[in-house]
Structures are given as C-alpha cells and as structure tokens.
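Student: I have a structure to go through with you. Can we take the terms one by one and check each against its definition?

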Amino acid sequence: MSGAARAGLVLAALLAPALLPAQGWVVEAGAGRALHDPVSARVSTTTASMGASYQGAARWLYLNAGLPLSGGGAGWGAAGAGTWLGVTRGRFPAGIAAGGHAFGYGAAGPNPSGGGATLELIPTVFSTVGQVTVQAGSGFVGVVDVLGDSTDARPYLQSHARAGYAAAQGVDVGAEARHLLGAEGAWPYLGASAELRQAWGGAWAYAGRWLDGIPSPATAYGVGVRVGVVRGTEVQASLRQEPVDPLYFGTPRRTWGVQVTRAIGRRAAHPPAGLLPEIVPGEAVFRLPRRDYPEAPAVLGDFNDWQPVPMQAEGEHWVARLRVAPGVHHYAFRLADGTVHVPAGIASVDDGFGGRSAVLVMP
C-alpha cells in the first residue's frame, strides 16, 4: 500500500470526529471500484473505501482512500480542494474555477506504485434564464504522473459548454460538449444527463461519446440511485462504463460502487425560517414553514428573471428547488396576497425600489 493511500485512510478516520462542528461535511464508507480519476484508470480491483468531503460557499475539498478486498490489489488514496474566484455582478457572472487533485496507489503484482497530481484553472461564465442555466469555460489543465522511477508532465487546454433545464419539480435534464487539446491530439465529447430528486432520494443517468481520437468503445454511460434511510444518511449505488481516459491514458473499464453517506455538522436538512436556503451542488433549496405561511408562496430572483416559481408542500414546509449558477444572487418570496417578502433574519440589501431582497451566495 502506498504512503499516500495509508495517509489518506488515516486522515479520513481521524478527521471525521473532529469535523462535527463544521458545516457542509459528508462522511462516507463504501465498496466497489475506485471512482476518482485518475485512480480508476490505475486501480481496477474491488476495494473498500472511506472518506470525508466538504461543499461550502465557493470552495470544496475531499479525502478518500481504499484498500483491496482481494489479494493482488492495490491500495489507493485521493485528495482534492478547489475554489471559485469570481466577479458576480450582472446577469453573466464570470470567474475562474480553480482546483487541485492528488492521488497515490500501491504496487500490485508486477506493477510498481505510483501517484500524481492535477491542476485546473478554468475561466468560466454563467447565465440563468428562467429554468435554463448555461455555462461555458476554457482553460488550463496540467497533469503530472509518477510511475516507479519515471515522471511525465502534460499540459492541456480544456473547453466545455453545458446547459441544464429544470423540466419539472425535481426533474433536471442537461447536455454538455467538451474539447480536450494536448500535444498527443484533440478529443471532442458530447453527452447528456438527467436527474430525479424526490423526498425518498433520487436517481441519475448520463451517456456520452468521444467523437474522435478514442479507440472503441468510445461511449461512456452511468446510472445511479440514492435512498434516504434516516435523516442525513443515504445509501447510494452506481454503475459506470468508462472508455479510454484521454487525460490519464487509462484503459476502458467498468466501475461500480455501493456507499453509505452521512451529512454531519450544523447544516440541517430542513432549515427553519430565518436561515439561508440549503445549498447543494448546482441548486438551492428554498423552504418556508407552513405554520407561518398558510397559503403557498413563490420564489423569485435574478436567477430566474424575477419570475415567480410556486413552492410545493412537503411535510411541514413549502419547498422549491431551483438550479442556480455560482455567484452572488438576490431573491425574495411572493406571498399569496402579492406581497414581496423577505423573512426576518435572512441577510438582505436595498433592492433599489424601496424594498429589500435577500442575498444568496452559490459556490
């Protein structure tokens, strides 16, 4: 087992209790093939894994590690962190998505141990019109691979364009185009995805294909499901088919995994009135208590051109889940009598028209 894998496993075990006071942390334990690129390109054996991750306002990080469940396999470790450095004024927030990843894996059979790192600096621009969110970016990706006594460093230009559409309450569909350019060649990609979110959990699926420069099979696909078992805890299962990886030159592989995840820290699954909306990747979940608002309110903000989106009854709350691009946004609630309302306790600013609008920061 490599030193990086051992360190990652120990850190994940030691950090979990210490992170309890924090916000946005998730701990996980699972079994399956490694799902972290480039680890999955190097480690094909079944492993047991554990880890911790954090998703906060404009930054994220993770620590994961795994041990083989059968003889001859390799242990591995992976870690990463990133942030959003943006200019958020106007309808087209722009900035740089910066992130770094490091990984290591142990020797397995005749194969030596190895590791490496990836650095990403992607200038990106966003826009949201109604229920449609689009983003586009192009920037630098640098990859360093270490295998035994050899080291290989490769720079790439990576470009992407993505569009997401909230087709219905809890249903999102999307499409993306990517292009990777390096000294070894150019690789274009087209894909589509769909996600279902329900009170019991959710499901997702994606499919795509590298259009040039990738040997058969060049098609990628994946499906997954998550089910809530108790508050803050989910069971997740996924299956993916991955073609040759043009960044890490991995061979085609099928990865699968079963995980149990547990949210820890102060973030509540149902924030009470007066707190900011719950933030999850790519969307904000707005809630108001039904006991204080007998009739259904609506959400409106600069992320949907100030067009009211009706909230739906879910237990003791009115709820709306909306796709929101990264950046600083303004929003408010419209009550059944037409009043535009910001609950007491939510950070707000003058809206320029004699009223107030709440402030939402999306990572």
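Tutor: Start with a side-chain pair: the side chain of Glu242 makes a polar contact with the side chain of Thr255, at 3.2 Å. This is a predicted model, where local features need pLDDT of at least 70, side-chain atom pairs count only at pLDDT 80 or more, and totals for chains, interfaces and linings use all residues. Residues are numbered from 1 along each chain as its sequence is written, and side-chain values use heavy atoms, with hydrogens and water left out.

Student: What makes the pair Glu242 and Thr255 a polar contact?

Tutor: The term means a pair of N or O atoms within 3.5 Å; within protein, one must be able to donate a hydrogen and the other to accept it, and residues adjacent in sequence count only if both atoms are side-chain atoms. The Glu242–Thr255 value is 3.2 Å.

Student: Why is Glu242 called buried?

Tutor: Its relative accessibility is 12%, and buried means under 20% relative accessible area (exposed is over 50%, partly exposed in between; 1.4 Å probe, protein chains only). Therefore Glu242 counts as buried. Of the 363 residues of the protein, 40% count as buried.

Student: In which strand is Glu242 found?

Tutor: In β13, residues 233–242. Strands (E, at least two residues) and helices (H or I, at least four) are DSSP runs, numbered from the N terminus. The protein has 24 strands and 2 helices.

Student: What makes a set of residues a nonpolar core?

Tutor: The members are buried Ala, Val, Leu, Ile, Met, Phe, Trp, Tyr and Cys residues joined through side-chain atoms within 4.5 Å. The largest has 21 residues, and Phe286 and Tyr331 are among those with the most contacts inside it. Strands β16, β20, β21 and β24 each give two or more residues to this core.
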